[in-house]
Amino acid sequence: MKNNTHNTKIVSIINPDYLKLHEFVMSLPETFDSLEQAIVLRDIRNTIKRVCVEGEELVIKAFARPSLLNRYIYGRLRRSKSQRAYQFSQQLAELGFNTPEPIAALDCFRGNSLTTSFFISRYSDYQSFEGVFERESLDRDIAPLLDALTDFLVALHERGVMYNDLNIMNILYRKREDEGYDFQLLDTNRITLHRTLSKRQRIKDLRRLSCPPLIYCYILNRYAEQVGYNAEDFELWGILDRLMLVRRNRWKTHIKTTLRR
């Protein structure tokens, strides 16, 4: 849906089951900063707020203003992050993977330049892994959860899903009554879909798991066993790839810091 006002073009996608929220969604460019009774969940680069609207618990993500180059790219050549997050959430559901239900995506353009983007989903009561991965040791009581998480990641890759942002803040979990676990995926905008994933692609995806080394190695080892890879070889390449990623990120941070001086 498109709406043009005062030289600003608004492009929106709204879940047909939530058309009652249309007016609220379309008002976000003007009201997001001052939403009443909103709880700020995150305010680093992107801003994420939780709010109740017409009886619906929502999470609204306002994406950081894109760089000058990306404003043009998203305006002409590529779908915005909000549109990709909405559409990939739907595609993951079709593949049998759980994400918080997508409500809407909203993009604001001035001319052909993207200025603001919002992605709205239902609030999820699943738990974060943050507390689990604060442990440096591999305690026996978390092994069932790590096994279930690894099996979930294997299933994701077996369906050709390359997540490209598997940091631990993007995975939520819930324990079932039968002692098993369910998982949800957040931040779906970087996903790419493939017919199959190579070993190299799988390692590249797993290396972003932000967990202590012992837990990371445990996940790599179980993953290899589940898929039929040589565990020692897979673990070695996973560790090397992760070290290379850490080194690259430090170098990028150094360059950005130097350019700001």
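A pocket is an open set of grid points with protein on both sides within 12 Å along at least five of seven lines, and its lining residues have an atom within 4 Å of a point. The model used here is predicted.

**Exercise 1. Describe the largest pocket: its volume, and the residues that line it.**

Step 1. Start with the space. The volume of the largest pocket is about 1,500 Å³.

Step 2. Count the lining. It holds 45 residues. Nearest the centre lie R42, N167, M169, N170 and D187.

Step 3. Sort the lining by type. There are 18 nonpolar, 13 polar and 14 charged residues.

**Exercise 2. Find which helix gives the most to the lining of the largest pocket.**

Step 1. Pick the top contributor. Helix 7 gives the most, with eight residues.

**Exercise 3. Work out the order of the three strands in the open sheet, and their pairing.**

Step 1. Write the order. It is 8-10-11, and the pairing is antiparallel.

Step 2. Find the edges. Strand 8 (127–128) and strand 11 (181–185) each have a single partner strand, so one side of each is left without a neighbour in the sheet.

Step 3. Check one pair. Strand 8 meets strand 10 (residues 171–175) over two antiparallel bridges. S128 has L172, in strand 10, as its bridge partner.

Step 4. Helix 4 (residues 143–158) lies across strand 10 and strand 11. Helix 4 runs at about 50° to strand 11.

Methods
Residues are numbered from 1 along each chain as its sequence is written. This is a predicted model: local features need pLDDT of at least 70, side-chain atom pairs count only at pLDDT 80 or more; totals for chains, interfaces and linings use all residues. Side-chain values use heavy atoms; hydrogens and water are left out. Two strands pair if DSSP finds at least two bridges between them. Helices (H or I, at least four residues) and strands (E, at least two) are DSSP runs, numbered from the N terminus. Contact means heavy atoms within 4.5 Å. Axes are lines fitted to C-alpha atoms, for helices over the stretch in contact, and angles run from 0 to 180 degrees between N-to-C directions. On a 1 Å grid over the protein atoms alone, a cavity is a set of points where a 1.4 Å probe fits but cannot get out, and a pocket is an open set with protein on both sides within 12 Å along at least five of seven lines; lining residues have an atom within 4 Å of a point. Grid points are joined across faces, edges and corners, and a volume is the space filled by probe spheres set on the points. Ala, Val, Leu, Ile, Met, Phe, Trp, Tyr, Cys and Pro count as nonpolar, Asp, Glu, Lys and Arg as charged, and the others, Gly among them, as polar.
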